[in-house]
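Hello,

Here is the structure I promised to pass on. Please have a look at it first, and then read my notes below.

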Amino acid sequence: MNQITTQVESCANCGLSETRTKVVLGAGTLDAKIVLVGEAPGRKEDESGLPFVGSSGKLLDRLLAAAGLSRDDIFIGNIIKCRPPKNRRPKKSEVGQCEGYMMEQLEIINPAIVAPMGNSSLSYFQERFGLEKQVIGDVHGKVIDIKAPWGRTKLFPLYHPAAAIYRRHLLGELEEDMKKLGELASK
Ligand code: URA
């Protein structure tokens, strides 16, 4: 993992390297059974170098605690390691240049469950593993078995916490899904 950190810190594979303040590699334990994967760092993450420390992160912490989970027991990362300007959606080319880092991280961690948060992260995993394209509203909280390079894994899509901030009616569903995730991990 240290090697990946060194590579990402000096990565200039795409234009985001010119506008980033800090790279955001992800954080948590390498023994994690669960890896949560967001889209890309936002402003607070770019400033601090840590994932999910802004308003989405605060909500995520509350959801994790309510589900009996803690950041110390899991790993949280993003598909993209650098903030896209004005938090725009990452371009396909940027994902293409960056995804290898996330895949290497997953191979090292070898998690039983990968939880993509939001449509962008979900769509990446669907493409990567040849799954049928479905939107998060249809597959959130459902277990999808995949055969990943690091072994058999459960994909467990979640709404992105930011979606539940802007659309409060999603909050209850996200709370329920997070609890299911906690139960799944304790099996
Ligand atoms: N949103 C994300 O997808 N990732 C972060 O790290 C922060 C906000």
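Which element gives the most to the lining of the largest pocket? It is α8, with four residues.

Before the rest, some housekeeping. This is a predicted model, in which local features need pLDDT of at least 70 and side-chain atom pairs count only at pLDDT 80 or more, while totals for chains, interfaces and linings use all residues. Residues are numbered from 1 along each chain as its sequence is written, and side-chain values use heavy atoms, with hydrogens and water left out.

**Pockets**

The largest pocket holds about 780 Å³ of space. Its lining counts 32 residues, and E39, A40, S56, H160 and A162 lie nearest the centre. Two or more lining residues come from each of α3 (43-48), α4 (55-66), α6 (119-128) and α8 (161-166). Sorted by class, the lining has twelve nonpolar, eleven polar and nine charged residues.

In the second largest pocket there is about 280 Å³ of space. Of the 14 residues that line this pocket, K92, V95, S120, S123 and Y124 lie nearest its centre. Here α5 and α6 are the elements that give two or more residues. The class count is five nonpolar, three polar and six charged.

For the terms: a pocket is an open set of points on a 1 Å grid over the protein atoms alone, where a 1.4 Å probe fits, with protein on both sides within 12 Å along at least five of seven lines; lining residues have an atom within 4 Å of a point. A volume is the space filled by probe spheres set on the points. Nonpolar covers Ala, Val, Leu, Ile, Met, Phe, Trp, Tyr, Cys and Pro, charged covers Asp, Glu, Lys and Arg, and the others, Gly among them, are polar. Helices (H or I, at least four residues) and strands (E, at least two) are DSSP runs, numbered from the N terminus.

**A helix pair**

The axes of α1 (residues 2-9) and α5 (residues 92-109) come within 10 Å and cross at roughly 170 degrees, which makes α1 roughly antiparallel to α5 (over 145 degrees). I4, Q7 and V8 of α1 meet Y101, E104, Q105 and I108 of α5, where contact means heavy atoms within 4.5 Å. By class, that contact has four nonpolar, two polar and one charged residues.

**H140**

H140 sits in the loop between α7 (136-139) and β5 (144-148). It counts as buried because its relative accessibility is 15% (buried is under 20%, with a 1.4 Å probe and protein chains only). Beyond its neighbours within four places in sequence, H140 is in contact with P157, Y159, E173 and D177.

Best wishes

How values were computed:
Axes are lines fitted to C-alpha atoms, for helices over the stretch in contact, and angles run from 0 to 180 degrees between N-to-C directions. Angles under 35 degrees count as roughly parallel, over 145 as roughly antiparallel, 65 to 115 as roughly perpendicular and the rest as oblique. Buried means under 20% relative accessible area, exposed over 50%, partly exposed in between (1.4 Å probe, protein chains only).
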